[in-house]
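User: I have not looked at this one before. Can you walk me through it?

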Amino acid sequence: MKEISISIVTFLVTATITLAGLSGKKIWFIEGPRSAVITLGIIGMVFCVISVGRFINANPIHPLTLLGYLIGTAGLLALMTQIFKWNLPIIADPKMALFVLAGCILLKTIIARFLQFVH
C-alpha cells in the first residue's frame with residue numbers, strides 16, 4: 001500500500017505545481033512557469049529517490065531501469081535549461097519545459113509501479 005500512496009502523492013504534487021505555474025498567479029514562491037519548473041525539478045528528484053531510484057539497486061541494466069534513465073535525463077535537461085536559461089529547442093520555453101518535466105515525472109512514477117518485475 002505504501003507504493004501506491006507514493007504514486008498518488010507524486011501525481012497530486014506534480015499536478016498542483018504544474019497548475020500553479022500555469023495559472024499566472026503568485027502561489028508561495030511560484031510566480032510562473034519557470035519557477036514552477038525549478039520547484040518541480042527539485043521535488044521530482046526527491047520523488048525519484050523514493051520510488052524509481054530503487055531500480056538501480058534491483059537491476060541497473062534492466063530495460064525498465066534504462067527507460068527510467070532516459071526519461072530522467074529528459075526531465076533533468078528541461079530543468080537545467082530553465083535554471084541556466086539555455087536556448088535549446090522546445091524546452092527553452094518555460095511552459096513547454098514545465099509540461100516536459102511534469103510528463104517525465106508522471107512517466108517515471110508509472111514505471112516505478114513495475115518494480116516487482118525488475119527483481
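Analyst: One term to begin with. Helices here are DSSP runs of H or I with at least four residues, and they are numbered from the N terminus. Keep in mind that this is a predicted model.

User: Fine. How many helices and strands does the protein chain have?

Analyst: The protein chain has five helices and zero strands. Along the sequence the pattern reads α-α-α-α-α.

User: And how much of the protein chain is buried?

Analyst: Buried residues account for 37% of the 119 residues. A residue counts as buried when its relative accessible area is under 20%.

User: What share of the contacts comes from residues 24 or more positions apart?

Analyst: Taking contacts in the protein chain with a separation of 6 or more, 68% are between residues 24 or more positions apart.

User: Let's do the helix packing. At what angle do α2 and α5 pack?

Analyst: About 15 degrees, with the axes of α2 and α5 9 Å apart. Helix α2 covers residues 33-50, and helix α5 covers residues 94-112. Angles under 35 degrees count as roughly parallel, so α2 and α5 are roughly parallel to each other. Their crossing is left-handed.

User: Which residues meet there?

Analyst: On the α2 side they are P33, R34, A36, V37, L40, G41, G44 and C48. On the α5 side they are P94, K95, A97, L98, L101, A102, I105 and K108. By class, this contact of α2 with α5 has 11 nonpolar, two polar and three charged residues.

User: How do α4 and α5 pack?

Analyst: The angle between α4 and α5 is about 155 degrees, and their axes are 9 Å apart. That makes the pair roughly antiparallel, because the cut-off for that label is over 145 degrees. The crossing of α4 and α5 is left-handed.

User: And the residues that meet in α4 and α5? Which are they?

Analyst: In α4 they include L64, L67, G68, I71 and G72, along with A74, G75, A78 and Q82. In α5 they are P94, A97, V100, L101, C104, L107, K108 and I111. The residues of the contact of α4 with α5 divide into 12 nonpolar, four polar and one charged.

User: Then what about α2 and α4? At what angle do they pack?

Analyst: α2 and α4, where α4 is residues 63-84, pack at about 135 degrees with their axes 9 Å apart. α2 and α4 are therefore oblique to each other. The crossing of α2 and α4 is left-handed. R34, V37, I38, G41 and M45 in α2 meet L76, A78, L79, Q82 and I83 in α4. By class, that contact has seven nonpolar, two polar and one charged residues.

User: Switching topic. How many disulfides does a search find?

Analyst: Zero, over the whole structure. As for individual cysteines, C48 is partly exposed, with a relative accessible area of 24%. C104 counts as buried, at 10% relative accessibility.

User: I was looking at the loop between α4 and α5. Which residue there has a positive phi of about 70 degrees?

Analyst: That is I90, which is not a glycine. I90 lies in the loop between α4 and α5 and counts as exposed, at 61% relative accessibility.

User: What is phi of K85 near?

Analyst: Phi of K85 is near 55 degrees, a positive value in a residue other than glycine. K85 is placed in the loop between α4 and α5, and its relative accessibility of 62% counts as exposed.

User: Where is D93?

Analyst: D93 is also in the loop between α4 and α5. At 41% relative accessibility, D93 counts as partly exposed. D93 and A78 are 15 residues apart in sequence, with their C-alpha atoms 9.6 Å apart.

User: Last stop, I4. Which helix is I4 in?

Analyst: I4 is in helix α1, residues 2-23. I4 is partly exposed, at a relative accessible area of 31%. I4 and R113 are 109 residues apart in sequence and 7.9 Å apart in space, C-alpha to C-alpha.

User: And G103, where is that found?

Analyst: G103 is found in helix α5. G103 is partly exposed, with a relative accessible area of 26%.

Note on methods. Residues are numbered from 1 along each chain as its sequence is written. This is a predicted model: local features need pLDDT of at least 70, side-chain atom pairs count only at pLDDT 80 or more; totals for chains, interfaces and linings use all residues. Side-chain values use heavy atoms; hydrogens and water are left out. Axes are lines fitted to C-alpha atoms, for helices over the stretch in contact, and angles run from 0 to 180 degrees between N-to-C directions. Helices (H or I, at least four residues) and strands (E, at least two) are DSSP runs, numbered from the N terminus. Angles under 35 degrees count as roughly parallel, over 145 as roughly antiparallel, 65 to 115 as roughly perpendicular and the rest as oblique. A crossing is left-handed if the near helix is turned anticlockwise from the far one by less than a right angle, and right-handed if clockwise. Contact means heavy atoms within 4.5 Å. Ala, Val, Leu, Ile, Met, Phe, Trp, Tyr, Cys and Pro count as nonpolar, Asp, Glu, Lys and Arg as charged, and the others, Gly among them, as polar. A disulfide is a pair of cysteine sulfur atoms within 2.5 Å. Buried means under 20% relative accessible area, exposed over 50%, partly exposed in between (1.4 Å probe, protein chains only).
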